Amino acid sequence: MVPDIKICGLKTPEAVDRAIERGATYIGFIFFEKSPRHIEPMDAGALADRVRGRVKIVAVTVDADNEMLEEIIAFVKPDILQLHGHESPERVLNIKAVFGLPVMKAFSIRTADDLRKLEAYDGLADRFLLDAKAPAGSELPGGNGVSFDWKLLTALDDGVDYMLSGGLNKDNVGQALSGTTASGIDISSGVESAPGVKDLQMMDTFFDAIAQARSAEETDRKE
């Protein structure tokens, strides 16, 4: 199975276009003012309109209230809402009922106990995103460029649908694809020359690494 590839934290037409050209199946816009990848809903909507229908558009929020979600949805018209805060199972249900959009619930992982938190959201969230727990002192729930021990993921049931995030880059994406059961991978800081600044060459190198990993996997299957 070919996993989904999500490029997150996009802010410019050039980065959006390159992500699509190279094969991204999801793009993410971040609506969190503390993040260097924060974008205003109106600006994100203009970028989303460039590629609508060619890719899944994800609106990433952190404990957003309904008023904020209404504004984002009005401008961006996302396909998916990614909830990257401390949203409770009840809040997830409420958001789905009010807005009628699929929800991807993000979790910060460091230990096996962190993975057990997914159980309360089973059947509520449409997909999970598993990110590394933020380093001490960071105000950002994601996009910190750190990863967690992927061996922890062996404890998940086979049917758990999740995207893998946190510290992915050209050097470890092959391991992420071959060593986990992730149905998608999500990258942001791993293709940036500075926080919030997407580097088109780094994006190319990242997609080249994915292609190389897939080619190696195909060769192994044939042998």
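I started at E21, which is exposed, with a relative accessible area of 58%. My cut-offs are under 20% relative accessible area for buried, over 50% for exposed, and partly exposed in between, with a 1.4 Å probe and protein chains only. The model is predicted, so I note that local features need pLDDT of at least 70 and side-chain atom pairs count only at pLDDT 80 or more, while totals for chains, interfaces and linings use all residues. Residues are numbered from 1 along each chain as its sequence is written, and side-chain values use heavy atoms, with hydrogens and water left out.

**Helix α1**

I next looked up the partner of E21. E21 forms a salt bridge with R18, and their closest N and O atoms are 3.6 Å apart. I count a salt bridge when a side-chain nitrogen of Lys or Arg is within 4 Å of a carboxyl oxygen of Asp or Glu. R18 is partly exposed at 22% relative accessibility. Both residues lie in helix α1, 3 residues apart, about one turn of the helix. Helices (H or I, at least four residues) and strands (E, at least two) are DSSP runs, numbered from the N terminus.

Which residues of α1 are buried? I found A15, V16, A19 and I20. These four cover an arc of only 130 degrees around the axis, which puts them on the same side of α1. The arc is taken from the directions from the helix axis to the C-beta atoms. Just after α1, G23 takes a positive phi of about 115 degrees.

I then turned to R116, which forms a salt bridge with D113, the closest N and O atoms being 2.0 Å apart. The two are 3 residues apart in helix α5 (residues 112–116), about one helical turn. R116 is partly exposed at 48% relative accessible area, and D113 counts as exposed at 52%. I also noted a network in which salt bridges that share partners join R18, E21, R22, D204 and D208.

**Strand β1**

Is strand β1 (residues 4–8) largely enclosed or open? I found 4 of its 5 residues buried, so β1 is largely enclosed by the rest of the structure. β1 pairs with strand β8 (residues 184–187) in the parallel sense over 4 bridges, and K6 stands opposite D186 in β8. I take two strands as paired if DSSP finds at least two bridges between them. β1 and strand β2 (residues 26–31) run parallel, joined by 3 bridges, and I7 stands opposite I27 in β2. From β1 the chain crosses through α1 (residues 13–22) to β2, and this β-α-β crossover is right-handed. Right-handed means that, with the strands pointing away from the viewer, the path from the first strand over the helix to the second runs clockwise.

I counted 17 salt bridges in the structure. One of them joins the side chains of D4 and R127 (3.0 Å, N to O). D4 lies in β1 and R127 in strand β6 (residues 127–132), so the pair ties together parts that are 123 residues apart in sequence. R127 is buried, at 9% relative accessible area.

My last entry is K105, in strand β5 (residues 103–109). K105 is buried, with a relative accessible area of 2%.
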